Amino acid sequence: MTSLALSRRREGPSAASPTRTAFQGENTTMTMQFTARHSEQDHVRRVKSLASDRRMCRRLTALSMPFFLVSTLVQRAVRPAAGGHRLSIFAQARANANATIPFMFMG
């Protein structure tokens, strides 16, 4: 064994504490504190941020609806569906917008 390992000893009133170890010629104290509580300010900030994101998503949907409406009309003119159930033009444009806009919030 090395002389460092032999000279290791605990000192002081915190000798039973695993967070305080003293070596010869060195005084080191480690303190770790963890808290699982979040402050009320963090919660309010998070709620406001989510509300802001929802408003922004609604605004982007409203602003992009004309584009998706035109693209839906062009798509139906170029590729007519063969019978069967189809969504209305507005429902399909809204579905396209709702499928595309969340990608703006990634990153």
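1. Pro-66 is partly exposed, since its relative accessible area is 48%, and a residue has to be under 20% to count as buried. The residue sits in helix α2. Its C-alpha atom lies 9.8 Å from that of Phe-90, although 24 residues separate Pro-66 and Phe-90 in sequence. These values, like the others in this note, come from a predicted model.

2. The chain as a whole has 3 helices and 2 strands. Read from the N terminus, the order of the elements is α-β-β-α-α. The chain has 107 residues, and 13% of them count as buried.

3. The crossing of α2 past α3 is right-handed.

4. Which residues does α2 bring to its contact with α3? They are Thr-61, Ser-64, Met-65, Phe-68, Leu-69, Thr-72, Leu-73, Gln-75 and Arg-76. On the side of α3 they meet Ile-89, Phe-90, Gln-92, Ala-93, Arg-94, Asn-96, Ala-97, Asn-98 and Thr-100. Sorted by class, this contact has 8 nonpolar, 8 polar and 2 charged residues.

5. The largest nonpolar core has 5 residues, namely Met-65, Phe-68, Ala-93, Ala-97 and Ile-101. Helices α2 and α3 are the elements that give two or more residues to this core. As background, nonpolar side chains tend to be buried together in soluble globular proteins. Ala-93, one of the core residues, is in contact with Met-65, Phe-68, Leu-69 and Thr-72, leaving aside neighbours within four places in sequence.

6. Thr-61, in helix α2, is a polar residue by class. Is Thr-61 buried or exposed? Its relative accessibility is 15%, so Thr-61 counts as buried. Beyond its neighbours within four places in sequence, Thr-61 is in contact with Ala-97, Asn-98 and Ile-101.

7. Gln-92 belongs to helix α3. Gln-92 counts as buried because its relative accessibility is 18%, and the cut-off is under 20%. With neighbours within four places in sequence left aside, its contacts are Thr-72, Gln-75, Arg-76 and Leu-87. Thr-72, Gln-75 and Arg-76 are also listed for α2 in the packing of α2 with α3.

8. Arg-76 is found in helix α2 and is charged by class. Its relative accessible area is 19%, so Arg-76 is buried. What does Arg-76 touch, leaving aside its neighbours within four places in sequence? The partners are Arg-86, Leu-87, Ser-88, Ile-89 and Gln-92. Between the C-alpha atoms of Arg-76 and Ile-89 the separation is 8.9 Å, and the two residues are 13 apart along the chain.

Terms used. Residues are numbered from 1 along each chain as its sequence is written. This is a predicted model: local features need pLDDT of at least 70, side-chain atom pairs count only at pLDDT 80 or more; totals for chains, interfaces and linings use all residues. Side-chain values use heavy atoms; hydrogens and water are left out. A crossing is left-handed if the near helix is turned anticlockwise from the far one by less than a right angle, and right-handed if clockwise. Helices (H or I, at least four residues) and strands (E, at least two) are DSSP runs, numbered from the N terminus. Contact means heavy atoms within 4.5 Å. A nonpolar core is a set of buried Ala, Val, Leu, Ile, Met, Phe, Trp, Tyr and Cys residues joined through side-chain atoms within 4.5 Å. Buried means under 20% relative accessible area, exposed over 50%, partly exposed in between (1.4 Å probe, protein chains only).
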